[in-house]
Amino acid sequence: MADDRTLAEMLRAQGITRRGFLKFCATTASMMALSPAMVPKIAAALENARRPSVIWLSFQECTGCTESLTRSHSPTIEKLIFDVISLDHHHTLMAASGEAVDEALNEAMEENFGKYILIVDGSIPVGNPAYSTVSGISNLDMLKHAAEGAAAIVSVGTCAAYGGLPYASPNPTGAASVEDIIKDKPIINVPGCPPIPVVITGVLAQFLTFGKIPELDSLGRPMAFYGQNIHDRCYRRPFYERGQFAETFDDEGAKKGWCLFKLGCKGPITYNACATTKWNEGTSWPVESGHGCLGCSQPNFWDMGGFYRALSMPTVDLANKAGIGLAAGAAIGVAAGALNRGKKAKAVREHETVTVDDLEKGA
Amino acid sequence: MSKATLERGLNALREQIDTPIALFFSSCTHCGMCATACLFYTETENPAYTPINKVEPLRRLWEQEYTLVGRIKKALGMSKPITDAELEEWKEYAYNACSLCGRCTMVCPVGNDITYMIRKMREGMAASGHTPEGLVGASTRAVKIGSPMGVKLPALQAQARHVEKDTGIEIPFDVEGAEYMLLMSSMEIMNYPEYLEAVSKIFNAAGKSWTISSEAFEATNSGIQIGSSDIARELVSRVVNAAEKLKVKTVISPECGHAYTAIRWEGPNLIGRPFPFHVKHILEVLDEFREQGLLKTEGFEDARMTFHDPCQLVRRGGVVQQPRNLLNMVATDFVEMKDHGIMNWCCGAGGGVSANEDAEELKMKAFNRKKHQLEELNVDTLVTACANCRIQIEEGLEENEIDMPVVGLTEMLAEHLVEDKKTGVSDND
Amino acid sequence: MNEVDFLLWVRGPGLAIASIIFVLGMTVKMFEIFMLGRKKNLAELRGSGIKEGFRTIITRSGHVDTYSTRNTRFTHIAGWVFHIGLFTAIFLLAPHIEVFKSIVGFAWPALPTPIIDFATVIAMITMLAMLFHRITNPVLKYLSTGQDFVVWALTFLPLLTGYMAYHHLFFSYTLVLGLHILSVCLLLVFFPFTKLTHAVTLFFARWYNGMMAGEKGVQQ
């Protein structure tokens, strides 16, 4: 379904004023911490963008990422961007069309070979590829095939970025992330469970504007949205500093909005935009609602020792380990003590009485 | 009879390891505080004289043979063995530079009784033949002749007759059933006959029965000084046998430092059974007399005086208050040294140091600590209750050209004794 | 291994291994020490010494030598300041108290983090001063072995990494937190095999010291 209109043409056709469009660009610019001088550049880039072909493949996922992004809760701008970015293939949205979908997919890939953006959500079962297939083709094969002609890959959601929920112990399907499998293409990880809607559109806008992969952190996430620690931007930080913590979900501290560290908040080790950008167009985010951050944009967040276990806490039962140490120590200790006593007793037995004649050293 | 060997020495050290020793070595954090408590360090600034360093070979033995990790390391050949050469080097630290004064024990922040450790270390030194010649000679004489200075019974009897003539009071030898049996140190017999005279007069005035055993009169225990329990036991046994034979109630340890430690605290443990008699220092006995009203004095010394606390008597012996009670009977101007009582400084000659020719020079350097104490104080007279301290202090004062008399406490009390008018004998005869 | 896996490892298997080694090592040590025993004192004692033993546990922390020099005053004061700072940081910081709660089942009030921060800085500065002292003072130079410096580092690193974690210094928080927990693991692992055992044995050592003096009627 390629549409050759430029974004500008499309927007005007949809009744979006130039003013509204520029407002979106300004918002995008500020979200990416770009100066106002960049706004015209963003506008120009978007206006003239030949809508790149985008192929969206869904693998072992819960569809939460798709829900978050495409079921628009904010009326039109993101949705428009989506329409603008020629979404040539999306498993879920196109499910009703049967075999024709597969044909359209192959066509889009051939036509735009080397130029299309591949978006992936969901993990890929590598242990037994049969766990997740589309039209009889395993996710693994589909990913490899689609990656061949992709200009770049965007792993949306923690499942695609790091394995997510299926990857959690004991990982029965042998789930892997995109970057585990594809090694020769640029990959942008946009994790979150799900990611914040404006984060994905912001990433795409950034990509369109500058025509290259944005600055990524060590886990492959765009710095613009994942460069900050939740803990550093959390509005409850002063309570952490003062040592005022909620101990349970309905105690005095919880009602007063105190820090949720003791209730398992993973804020200090989580990098995302939740504390600043928030959700539902800035309505709220987990901590503000009174629940600790799950760390959902971090790898292995499901296996981080428990959502309600404080970050500083060991993930093992130390009392139990201490008990093992004590039991083993006592056993070894008794043996060592007995050896000591034996040695001393032997020394006493072998004592030769010292007399004044012995005081001169022997030859 | 085999001679001393390294293996015998190591074996002796093995016997010495007990719970306190293991605790002490486990706790030392190398803080260095013990150095400042030791006069041998403060007056020479030689870091090798740091008290805990004096027991380093013992520490290694403990680590290598009594800790699991140490044993494993030794089995893997990763530990440094104790050698004759090392023990020879340690002779200086364990004997020349240590009087077993116990000050380090009082200040160690983790509670190490370093004196206890050094005493045990000496067991290994003695069994391996690494002891100072002077102590070897003293011990040999003590065992074979009966006195480390070679004083024999006739010499004592001659002293006794001399005293009898001066006082008119008989010195009782070998009296069975006497309440007290007096011991004397060779030092007192040779250098301070006024002690025997003082005891004689005081006991006579108090009406208490006492005796000296002709078989065991020597209080000095060279075995304790050299650090051999075997030799110490031999010497203590003589006293115990004599005391049991004469059926006395209390054995009196004289004005000597380590003799008290030897007979009072180590004695029963050396022979392996409690004594059937008490052991008391002469000052303890005199203080009891004072409490019972049996020690009456008249007149006062008007000299400004201070008391030197013999280490083995006060800090390591527990006879702290008695000297003061007694001194206050006859002194009007008694001042304590700044560091006094259980924290007083050693004279520098105890624990065998005075019998050790190799320590001659070091001993005098150590005396500087006592000199500093006296300089802070400005006194006319120094009183003490140990003949060895007396000799050392007198020598030290002379060496430093300080003109100050040193007096024994018993002697001083006797000079103020209220004589029994009936006998018609007084000091002035 | 990325930093998140590293953090998970130290919080999990790392701490587990370290705790086992720590408890095992200390238990063996206690048996090794106490099974040796002490011969009964057959002398006529002036007292059992028990009261003096307990008293010495407390009084030995004070300034006990009547004679002091600049060096001993420094050691005494630095010892106090360092230990107070260290224990404040270990036992009065909320995240640490949570850990203890998971082990012993009960917790206690925490101090605000900036105060712990201050105590940590003081402790670190004091430790640096003590290191300098150990290197320059003749007695300490003579006595010190490699172990003294290793133990210094093992004690310093948790303070330093803890400070870095709180202030998000130099590395990502995840990595620094991991390093902090790792440094504690190392401290625990080496504890029973170094002079760090003094933290436990000193109470008994002081007790014996006081007790043996008390038997003779001497009380400091």
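Let us begin with Val120(A). Beyond its neighbours within four places in sequence, Val120(A) is in contact with Leu57(A), Phe59(A), Leu143(A), Ile153(A), Ser155(A), Val156(A), Ala160(A) and Val178(A). Please bear in mind that this is a predicted model.

To what does Val120(A) belong? Val120(A) is part of the largest nonpolar core, which has 281 residues. Those with the most contacts inside this core are Val120(A) itself, together with Ile55(A), Leu118(A), Cys34(B), Ile202(B) and Leu413(B). Its largest share, 17 residues, is supplied by helix 1 of chain C, residues 3-34. Another core, of seven residues, lies apart from it, and includes Cys25(A), Met32(A), Ile42(A) and Leu46(A).

I turn now to chain C and its partners. The contact between chains A and C takes 40 residues from chain A and 35 residues from chain C. Which element of chain A gives the most to this side? That is helix 17, with 18 residues. By class, the side of chain A that touches chain C divides into 21 nonpolar, twelve polar and seven charged residues.

On the other contact, 50 residues of chain B meet 49 residues of chain C. Several elements of chain B give two or more residues here, among them helix 3 (33-37), helix 16 (258-271) and strand 4 (278-281). Helix 2 of chain B gives the most, with seven residues. The side of chain B that touches chain C has 26 nonpolar, 18 polar and six charged residues.

Definitions and conventions
Residues numbered from 1 in each chain as written. Chains lettered and ligands numbered in written order. Predicted model: local features only at pLDDT ≥ 70, side-chain atom pairs only at ≥ 80, totals over all residues. Core = buried A, V, L, I, M, F, W, Y, C linked by C-beta atoms within 7 Å. Buried ≥ 20, exposed ≤ 12 C-beta atoms within 10 Å, placed from the backbone. Helix = DSSP H or I, 4+ residues; strand = E, 2+ residues; numbered from the N terminus. Contact = placed C-beta atoms within 7 Å. Nonpolar A, V, L, I, M, F, W, Y, C, P; charged D, E, K, R; others polar.
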